[in-house]
Amino acid sequence: MTPESSSKKQSVSATLGQLEFPVLDRSARLVLQSGLYSRLSISQDEIVKTIVVGDASAREGGAHDEAHMRTVSLVRYQRRLESLGVCMPKTRIEESLSELGAPTIEMVVERIPNATALVTLPLAAAGDQYQFVACITREMTKVIHSQYGEMPVGYDSGFDNFILYGGCCYLIDIYPPRLGYLVRDDGCIERLPPERLLVNYPEVAPLPPGKIAELQRCYYTPEGTAEHIAVWAIATACARQDLDAHGHWWRLESAQSATEAVYDTLRHEGFARSVDPLHSFLSSVRGTQAVRHRHARVQSRFAPAFFQWESICNLFSPQPAKDHVWAR
Ligand SMILES: Nc1ncnc2c1ncn2[C@@H]1O[C@H](COP(=O)(O)OP(=O)(O)OP(=O)(O)O)[C@@H](O)[C@H]1O
Ligand SMILES: [Mg+2]
């Protein structure tokens with residue numbers, strides 16, 4: 001890094017992808033269905049994420065026991081991430097009941113007032129993209145660190161699960177709880193074997209075995225996590241560009257910024273040994289295919305994510321959000 005680019009990187013870190021809007025109506029609320037949540041209710045200061053356990057009208061004991069077990073795991077996962085020093089929005093986790101009396105898990109989450117990195121990273125200049133990716137990678141090295149120990153955790157490091165705000169990277173998606181260990185009744189800790197690691201929501205149909213094994217590696221192993229971050233970083237940084245504009249994606253400035261940011265941060269945080277294998281992966285056919293595949297997926301998700309963010313802004317602001325966003 002040259003002294004000049006270093007000072008540039010310093011100067012952008014104060015804003016770190018923040019897209020800010022004036023607030024008018026503090027009582028406004030947007031309710032939507034997203035991912036697996038039966039309801040996501042967004043207001044100015046908080047988001048209530050509701051998960052109905054079992055059938056929407058389940059009243060029998062089994063569903064209540066299941067809801068209780070999942071709540072315990074979720075709280076344990078949140079505390080473990082906290083103990084690793086991971087930056088997350090303040091979150092209250094509660095067992096509750098739906099209108100129909102079915103057991104639910106409710107997460108009342110502090111709203112971080114910015115769009116996810118899936119929106120902010122593609123909109124940023126290459127120098128800022130370096131900062132954003134470095135910040136995300138730094139936060140994820142805390143998760144990687146746990147994976148070498150007795151109480152490992154996993155995280156889905158898709159870039160829609162991060163929000164950059166106030167110079168910090170927040171991990172915003174802690175459901176389902178990805179604990180790589182079990183706490184036995186006698187209090188003993190037991191590492192789970194790879195095949196028992198939870199990757200998908202318990203309430204959806206199981207994925208094909210090959211896909212499960214791939215995700216177990218991406219979420220829970222140091223090598224897989226580093227690859228997942230790098231692939232997402234390159235694909236998202238280049239989301240508004242043609243990957244083949246200069247013959248190969250690694251010639252794009254955004255791709256280079258994103259890759260360098262991952263490598264530099266891994267080295268800086270004590271994971272220098274991960275850089276060479278990661279570089280080999282990204283240079284391989286498998287790595288290139290992974291970037292291409294992810295790029296197409298990110299491109300298709302960018303516009304809906306952007307418009308969801310815009311409708312949230314319109315809810316709390318009298319101005320059309322677009323002008324503010326593009327003015328950055
Ligand atoms: N704490 C938060 N602050 C601000 N926005 C948030 C927060 N948590 C979630 N969101 C917004 O809600 C969306 C969905 O949240 P979350 O990632 O928890 O659910 P999900 O099931 O993964 O849904 P999706 O598949 O849409 O990502 C996020 O992409 C983000 O736009
Ligand atoms: Mg998510």
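**Notes on the predicted model**

1. Confidence first: the protein chain has a mean pLDDT of 86, and 85% of its residues reach 70 or more. Here pLDDT is the predictor's confidence in each residue, from 0 to 100. Residues 1–16 have pLDDT below 50, and in the model this stretch has 21 contacts beyond near neighbours in sequence; a contact means heavy atoms within 4.5 Å. Residues 319–328 also stay under 50, with 23 contacts beyond four places in sequence.

2. Some bookkeeping. This is a predicted model, where local features need pLDDT of at least 70 and side-chain atom pairs count only at pLDDT 80 or more, while totals for chains, interfaces and linings use all residues. Residues are numbered from 1 along each chain as its sequence is written, chains are lettered from A and ligands numbered from 1 in the order in which they are written, and side-chain values use heavy atoms, with hydrogens and water left out.

3. On to the metal. The magnesium ion (ligand 2) is coordinated by Asn161 (OD1) and Asp173 (OD), at 2.2 to 2.4 Å. The two residues are 12 apart and link distant parts of the chain: Asn161 is in the loop between helix H4 (126–147) and strand E6 (162–165), Asp173 in the loop between strand E7 (168–171) and strand E8 (181–183). Helices (H or I, at least four residues) and strands (E, at least two) are DSSP runs, numbered from the N terminus. Asn161 counts as buried at 7% relative accessibility, and so does Asp173 at 17%. Buried means under 20% relative accessible area, exposed over 50%, and partly exposed in between (1.4 Å probe, protein chains only). Before you judge the site, remember that donors are N, O and S atoms within 2.8 Å of the metal (3.2 Å for Na, K and Ca), and that water is not among the atoms, so sites may look incomplete.

4. The largest nonpolar core has 82 residues, and Met107, Phe159, Phe162, Leu171, Leu278 and Leu282 touch the most other members. A core here is a set of buried Ala, Val, Leu, Ile, Met, Phe, Trp, Tyr and Cys residues joined through side-chain atoms within 4.5 Å. A second, separate core of seven residues includes Leu192, Val199, Leu215 and Tyr219.

5. Cysteines: the whole structure has zero disulfides, taking a disulfide as a pair of cysteine sulfur atoms within 2.5 Å. For Cys87, the nearest cysteine sulfur is that of Cys168, 4.6 Å away. Cys87 is buried at 18% relative accessible area, and Cys238 is buried at 0%.

6. Four of the five residues of strand E2 (residues 39–43) are buried, so E2 is largely enclosed by the rest of the structure. E2 runs antiparallel to strand E1 (residues 29–32), joined by four bridges, with Ser41 in E2 as the bridge partner of Val31. Four bridges also join E2 to strand E3 (residues 46–52), again antiparallel; two strands pair if DSSP finds at least two bridges between them. Leu40 stands opposite Lys49 in E3, and E2 and E3 form a hairpin with two residues between them.

7. Thr91 lies in strand E4 (residues 91–97), and its C-alpha is 4.4 Å from that of Val109, 18 residues apart along the chain. Pro209, in helix H5 (residues 209–220), is exposed at 68% relative accessible area.
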